[in-house]
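Take a look at the chain below. This report walks through it one piece at a time.

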Amino acid sequence: MGKRNKTVQIIILAVILLLGGFAVSSAFKKSETPKTGDAIPNLTLQSVQGELVQLSDYRDKTVVLNFWGSWCEPCEREMPALQSTADDWKERGVEVVGVNAGEDALVVENYMKKVNVGFTMLLDQKRKAIKAFGIGPMPTTFFIKPNGKVHAIHVGELSRDQLNAYLQQITGT
């Protein structure tokens, strides 16, 4: 009986050590979601018009990358500010790009008409961009420099003044 107890104790100890090792390695594992100063993931998403768009297509431009959903009230409130920013900054090489969280093209198209926006809208129906960028609350907006690196990340609703301030920091204007 003593030999059997010792075997069980060794197995339990081995399991505890394995779980403990996994927990420690997970705690020190580098996060793969982009933070300020990191390059953004180069994902391919479909636009509302059905075209495939790679995020690297925006290289050499300043990008306002806004993650949103039609069910999100703060997202809807900030849409006019995003559209004004798209209109005002386009001549200065700034692209405003929306990434919709999991909805289909028809829902997004109807929503765009409802809130009167026409900037580039990408669909993330499988939520791969949401996962790759580590998006939690929405709206979340990434301000991306022309070199493809994150300048700032803003979680929550943005005003027109905040959008302008971030873009002035990036462009120096």
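## Helix α2 against helix α5

A81, L82, S84, T85, D88 and W89 in α2 meet R160, L163, N164, L167, Q168 and T171 in α5. Meeting here means contact: heavy atoms within 4.5 Å. Helix α5 covers residues 160-171. The two helices pack at an angle of about 35°, and their axes are 9 Å apart. Axes are lines fitted to C-alpha atoms, for helices over the stretch in contact, and angles run from 0 to 180 degrees between N-to-C directions.

The crossing of α2 and α5 is right-handed. A crossing is right-handed if the near helix is turned clockwise from the far one by less than a right angle, and left-handed if anticlockwise.

## How to read the values

This is a predicted model: local features need pLDDT of at least 70, side-chain atom pairs count only at pLDDT 80 or more, and totals for chains, interfaces and linings use all residues. Residues are numbered from 1 along each chain as its sequence is written, and side-chain values use heavy atoms, with hydrogens and water left out.

## The whole chain

The chain has five helices and seven strands. Helices (H or I, at least four residues) and strands (E, at least two) are DSSP runs, numbered from the N terminus. Their order from the N terminus is α-β-β-β-α-β-α-β-α-β-β-α.

The chain has 173 residues, and 41% of them are buried. Buried means under 20% relative accessible area, exposed over 50%, and partly exposed in between (1.4 Å probe, protein chains only). Now take contacts between residues at least 6 apart in sequence: 68% of them join residues at least 24 apart.

## Helix α2 against helix α3

Helix α2 spans residues 73-89, and helix α3 spans residues 105-115. Their axes come within 10 Å and cross at roughly 55°. That angle makes α2 oblique to α3. The scale is simple: under 35 degrees is roughly parallel, over 145 roughly antiparallel, 65 to 115 roughly perpendicular, and the rest oblique.

The crossing of α2 and α3 is right-handed. On the α2 side, C75, E76 and M79 take part. They meet Y111, K114 and V115 in α3.

## The disulfide

How many disulfides does the structure hold? It holds one. A disulfide is a pair of cysteine sulfur atoms within 2.5 Å. Here C72 is joined to C75, with 2.3 Å from S to S.

The torsion about this S-S bond is about 80°, so the disulfide is right-handed. Both C72 and C75 are buried.

## Q83 in helix α2

Is Q83 buried or exposed? Q83 counts as buried, because its relative accessibility is 15%. This residue lies in helix α2. Beyond neighbours within four places in sequence, Q83 is in contact with N116, V117, G118 and F119.

A polar atom of the Q83 side chain lies 2.6 Å from the backbone nitrogen of G118. Q83 and R160 are 77 residues apart along the chain, yet their C-alpha atoms are separated by 9.6 Å.

## N66 in strand β3

N66 sits in strand β3, which covers residues 62-68. N66 counts as buried, because its relative accessibility is 0%. Its side chain makes a polar contact of 2.7 Å with the side chain of E78. A polar contact is a pair of N or O atoms within 3.5 Å; within protein, one must be able to donate a hydrogen and the other to accept it, and residues adjacent in sequence count only if both atoms are side-chain atoms.

Leaving out residues up to four places away in sequence, N66 touches several others, including M79, L82, V97 and P139.
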